[in-house]
Amino acid sequence: MKNSKKIVISTLILFAAIVGIVLFLNKEDEETPETQQAAGSKGHPSIEGQPTLGEAEASVSIVEFGDYKCPSCKQWGEVVYPKLVKDYIDTGKAKFSYINVLFHGEESVLAALASESVYKQDPENFWAFHKAVFNAQPATQEHDNPWVTIDKMKEIAAATTPNVDLAKLESDLNTEGTPLAGEVSKDDGLVQEYNVPFTPTIIIDGVMLEDPFDYEKITSLIEKGAKTNE
Ligand code: CA
């Protein structure tokens, strides 16, 4: 009895030690910069069919996994994105693609469908619509309140995208089984494939940023990528 008790106790200790080591190693793993390369093993996400700003031949590709309902995405769009456009996209070094994430449920889906419809109908003015949807997002403490509606999407499209047929937009948002649902689920498939942990998630040439607001890191990845791909 005594011995078997001992065995049980030492087994428990051993088990706890193994769990401890595993947790420690995982933690170490999280902290090493190499895990920023998490996306690296899968390469860079395909940007085929995704709205892309900048020159197609730009040597560095930046992808944002974003959600119109996400307050950090709105903030990223106000703080980081304008610098990125000025420093790297307008200068032809990098291009920027946006992929929809559906972390906030039905409203995320509705906004994502609207963005796909607008992109399909009026690609030139997509980015104006995109920006305006984020602008329409209420202040942080109220972002959970419902605000993405069909009428709101139509109103924003009417103000920003002259070539969008609003009736078509409405039917894209109303119709079940609209072909655009395929675009949204394609985006969602990429979110699963790349284990997108939060929004916005930024991937630069296959490297996933731990902190999407770290502009120094963004700069160094772009400069490195521009050099490598020269
Ligand atoms: Ca898409």
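**Exercise 1. Determine at what angle helix α2 and helix α3 pack, and which residues meet.**

Solution. In this predicted model, where local features need pLDDT of at least 70, side-chain atom pairs count only at pLDDT 80 or more, and totals for chains, interfaces and linings use all residues, begin with the two helices, α2 (residues 71-79) and α3 (residues 81-89), whose axes lie 3 Å apart at an angle of about 40 degrees. Axes are lines fitted to C-alpha atoms, for helices over the stretch in contact, and angles run from 0 to 180 degrees between N-to-C directions; helices are DSSP runs (H or I, at least four residues), as are strands (E, at least two), numbered from the N terminus. Next, α2 is therefore oblique to α3, since angles under 35 degrees count as roughly parallel, over 145 as roughly antiparallel, 65 to 115 as roughly perpendicular and the rest as oblique. Finally, W76, G77, E78 and V79 of α2 meet Y81, P82, K83 and L84 of α3, contact being heavy atoms within 4.5 Å.

**Exercise 2. Identify the protein donors of the calcium ion and state whether Q50 and E116 are buried or exposed.**

Solution. Residues are numbered from 1 along each chain as its sequence is written, and side-chain values use heavy atoms, with hydrogens and water left out. The donors (N, O and S atoms within 2.8 Å of the metal, or 3.2 Å for Na, K and Ca) are Q50 (OE1), E116 (OE), D187 (OD) and D187 (OD), at 2.3 to 2.7 Å from the ion. Q50, in the loop between α1 (2-31) and β1 (52-53), and E116, in helix α4 (residues 106-121), are 66 residues apart and link distant parts of the chain. Both Q50 and E116 are buried, that is, under 20% relative accessible area, with exposed meaning over 50% and partly exposed in between (1.4 Å probe, protein chains only).
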